[in-house]
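Subject: Structure handover and notes

Hello,

I am passing on the structure we talked about, with my notes below it. Please open it and keep it in view while you read.

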Amino acid sequence: MKIATTVSEIPRRSEKRRVLVPTMGALHAGHISLVRQARASAASDGEVAVSIFVNPLQFEPGADFSRYPRPEGADEEICRAEGVDLIFRPAPNEMYLENRSTFVEETSLSERLCGAARPGHFRGVTTVVTKLFHLLAPDAAVFGEKDFQQLAIVRRMVRDLDFPIEILAGPTVREADGLALSSRNQYLNPEERAQAPVIRAALLQAAASKEKSAAKILAAVRAKIGSASLTRIDYAEVVGADDLQPRLTIAARSLLAVAVFFGRTRLIDNIQLG
Ligand code: AMP
């Protein structure tokens, strides 16, 4: 396994298929499932690359950039065990010059949902993903469905800007109690952690109901999540999975998406309806 920490150390592309999994590190079973998907797509003679970069551009001022976990040794071990061929783990000053002045911005899907709560976040994501695509030149890249808005925005960017890169989506991996794995789960205190499965429970309850009215579904979701004393709902919405526009009634490819604060920790999850 090659570990490149500078751009010049990235091995030149061969004819082999290269599949990239972009991450911010603190790798967990969710990331590992994407790495396995990348391996399956690359096949045994292809290359799996994992980027590990806590991207300062996608953290709003005052957010958790400096306290975000960076367990470099453990991440390396996981990648080695999974047969990853290349880790690209640059320092921030390797990715961004001080006088940088160019960004990549998706201007429609990025406005709502997590974009409303986190101004500049998705511009940071599309900018860094563009740079990673240029630097590593993958044939395909794998993103998690947990971050459904990010996935939709990356797909849109790739379409609009003609990146010759296939975007693959991986299903959300969960704890036994239903909580979606996230590097941010480790910020939860024991009381918050005990309440956090209410998010998944509310989504499952909505998916199991035969209700077709988005307003009624959302009222039930808000009531269920609100019944846990430590929660504060940032948003709960029913949207189309591709255009992320609100849906009044449940149809094919409707997505119920929520963002919930426990203290300063913001967790997201979603489920397909209809
Ligand atoms: P992050 O390191 O949080 O930036 O996530 C890197 C990639 O892993 C993104 O494509 C995420 O959507 C994906 N991911 C994060 N959590 C999960 C999960 N629980 N299951 C599957 N994929 C995930």
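The notes below start at the ligand, go on to one helix, and end with some single residues. Please keep in mind that this is a predicted model.

**The ligand and its surroundings**

Which residues come closest to the ligand? The shell around the ligand has 16 residues, and the closest are H31, G144, D147, V173 and L181. A polar backbone atom of G144 is 2.8 Å from an oxygen atom of the ligand. For V173, a backbone N or O atom lies 2.9 Å from a ligand nitrogen. L181 likewise places a backbone N or O atom 2.9 Å from a nitrogen atom of the ligand. Taken on its own, the ligand has 480 Å² of accessible area, and the protein covers 92% of that.

The elements that give two or more residues to this shell are β2 (18-23), α1 (29-42) and β5 (140-144). Helix α1 gives the most, with three residues. By type, the shell divides into seven nonpolar residues, seven polar ones and two charged ones.

**Helix α9**

Helix α9 covers residues 214-226, which is 13 residues. From its first C-alpha to its last it reaches 18 Å, close to the 18 Å expected at 1.5 Å a residue.

Where do the buried residues of α9 sit around its axis? The residues in question are A214, I217, L218, V221 and I225. They cover an arc of only 95° around the axis, and therefore lie on the same side of α9. The face of α9 turned away from the buried side carries the exposed residues A215, K216 and A223.

A228 is buried, because its relative accessible area is 10% and buried means under 20%. A228 is 32 residues from A196 in sequence, while their C-alpha atoms are 8.5 Å apart in space.

Most residues other than glycine have a negative phi. Two residues are worth a look with that in mind.

A26 is not a glycine, yet has a positive phi of about 55°. A26 is buried, with a relative accessible area of 8%.

R253 is not a glycine either, and has a positive phi of about 60°. This residue is in the loop between β7 (231-240) and β8 (254-262). Is R253 buried, partly exposed or exposed? With 41% relative accessibility, R253 counts as partly exposed, since that class lies between the 20% limit for buried and the 50% limit for exposed.

**Other single residues**

Q149 has its place in helix α6 (residues 148-160). Q149 is buried, with a relative accessible area of 2%. What does the side chain of Q149 reach? It reaches the backbone oxygen of R112, at 2.9 Å.

H134 belongs to helix α5 (residues 121-136). H134 counts as exposed because its relative accessible area is 59%, and exposed means over 50%. Along the chain H134 and F163 are 29 residues apart, and their C-alpha atoms are separated by 9.3 Å.

P22 is part of strand β2. P22 is buried, with a relative accessible area of 19%; the cut-off for buried is under 20%. The C-alpha atoms of P22 and A152 are separated by 15 Å, and the two residues are 130 residues apart along the chain.

A43 lies in the loop between α1 and β3 (47-52). A43 is partly exposed, with a relative accessible area of 34%. A43 and R100 are 57 residues apart in sequence, and from C-alpha to C-alpha they are 37 Å apart in space.

Those are my notes on the structure.

Regards

Conventions: Residues numbered from 1 in each chain as written. Predicted model: local features only at pLDDT ≥ 70, side-chain atom pairs only at ≥ 80, totals over all residues. Heavy atoms only, no water. Near = heavy atom within 4 Å. Polar contact = N/O pair within 3.5 Å; in protein donor to acceptor, adjacent residues only side chain to side chain. Areas by Shrake-Rupley, 256 points an atom, 1.4 Å probe, with all protein chains shown as cover. Helix = DSSP H or I, 4+ residues; strand = E, 2+ residues; numbered from the N terminus. Nonpolar A, V, L, I, M, F, W, Y, C, P; charged D, E, K, R; others polar. Expected span 1.5 Å × (residues − 1). Buried < 20%, exposed > 50% of the residue type's maximum accessible area, 1.4 Å probe, protein only. Arc of directions from axis to C-beta.
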